[in-house]
Amino acid sequence: QVGSFRKTEVGATSLALLCFLGAGHTHAADGPYQQVVEKGLAYIGSQAEIVQGSADLRGDSEGISGMYVQGLATICISEAHAMDRHNKDLKKLTEMAVGFIEKAQHPFSGGWRYSPRSDDRDTSVAGWQIMALQSAKAGRIRVSSKSLRLAKDFLRDAQTDSSGAFYTYDPDKPRGVTKTMTAVGLLCRMYLGWQHDHPALKQGVEYLSKKGPDRNDIYYNYYACLLYTSPSPRDRG
């Protein structure tokens, strides 16, 4: 269960499996949790609905959680594929999951929202999709250059200053900069090409450093930690 939603089994399973994968436990190598990871990945695959060659991994999700679940599940299978690139079934599922995210992106505004191709858009949902695309790319899964370009267009709309150091939740109904969306926006900027020495990235990170961790906002802490620990594109090679 994720948050207050009761029907987010795919999302919750993905979060749990990411913990195992992050600790080095895979479905492809002997270990105490090999079967756990293997069964979890099989469950995610069993919930995939194939739609025009793409994999909808939202499952029986509840409320507004659908595209969040899609992003999380795609990150999970992308990371598993990166650790086992010879698995053709896992590669195909990852490719199709990426395809669903690309098709769910608004074709003009470049954003994502709670349902595919929604006219609304927000930085929170977009962050998970961009992370999923980056995870797929890291495992050498092809990602549409158009989708990445549109994601950059969205981030430019979501920034609250001319340089791109600060971000808001809804670019169409801006309510000012927030530290959480700034952490999301800056991480996405890094994934899409900004280096550690980019002036706006340095300015945004300085702002977040002054804010520090938040006892009541695990979402912010999660993105801020990723921002501080992720290598820049140059470092990733």
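A search of the whole structure for disulfides (pairs of cysteine sulfur atoms within 2.5 Å) finds zero. Cys 188 is in no disulfide, and the nearest cysteine sulfur, that of Cys 225, is 16 Å away. Cys 225 is in no disulfide either; the nearest cysteine sulfur to Cys 225 is that of Cys 19, 14 Å away. The two residues fall into separate accessibility classes, defined with a 1.4 Å probe on protein chains only: buried is under 20% relative accessible area, exposed is over 50%, and partly exposed is in between. Cys 188 has 1% relative accessibility and so counts as buried. Cys 225, at 49%, counts as partly exposed.

The model is predicted: local features need pLDDT of at least 70, side-chain atom pairs count only at pLDDT 80 or more, and totals for chains, interfaces and linings use all residues. Residues are numbered from 1 along each chain as its sequence is written, and side-chain values use heavy atoms, with hydrogens and water left out.

The protein has 10 helices and two strands. These are DSSP runs, numbered from the N terminus; helices are H or I with at least four residues, and strands are E with at least two. From the N terminus on, the order is α-α-β-β-α-α-α-α-α-α-α-α. The radius of gyration, taken over C-alpha atoms, is compared with a globule rule of 2.2 Å times the number of residues to the power 0.38. For 237 residues, a compact globule would be near 18 Å; the protein has 17 Å, which agrees. Along the principal axes, the C-alpha atoms fill a box of roughly 45 × 35 × 35 Å. Of the 237 residues, 50% count as buried. Contact means heavy atoms within 4.5 Å. Among contacts with a separation of 6 or more, 63% join residues 24 or more positions apart.

Helix H1 spans residues 9–22 and has 14 residues. From first C-alpha to last, H1 reaches 20 Å, close to the 20 Å expected at 1.5 Å a residue. The expected span is 1.5 Å times one less than the number of residues. Val 10, Gly 11, Ala 12, Ser 14, Leu 17 and Leu 21 of H1 are buried. They pack against helix H2 (34–46) and helix H3 (66–82). Just after H1, Gly 24 takes a positive phi of about 90 degrees.

Phe 100 lies in helix H4. Its relative accessible area is 7%, so Phe 100 is buried. Leaving aside residues up to four places away in sequence, Phe 100 touches Ser 54, Ala 55, Asp 56, Arg 58, Met 67, Gln 70 and Pro 116. Phe 100 and Gly 71 are 29 residues apart in sequence; their C-alpha atoms are 9.9 Å apart in space.

Helix H6 covers residues 145–158 and has 14 residues. The reach of H6 from first C-alpha to last is 20 Å, close to the expected 20 Å. Ser 147, Leu 148, Leu 150, Ala 151, Phe 154, Leu 155 and Ala 158 of H6 are buried. Seen down the helix axis, these buried residues fall within an arc of 160 degrees, so they line one face of H6. The arc is that of the directions from the helix axis to the C-beta atoms. The cover over the buried residues of H6 includes helix H4 (88–104), helix H5 (123–138) and helix H7 (179–191). At the start of H6, a side-chain oxygen of Ser 144 comes to within 3.2 Å of the backbone nitrogen of Lys 146.

Key. Polar contact = N/O pair within 3.5 Å; in protein donor to acceptor, adjacent residues only side chain to side chain.
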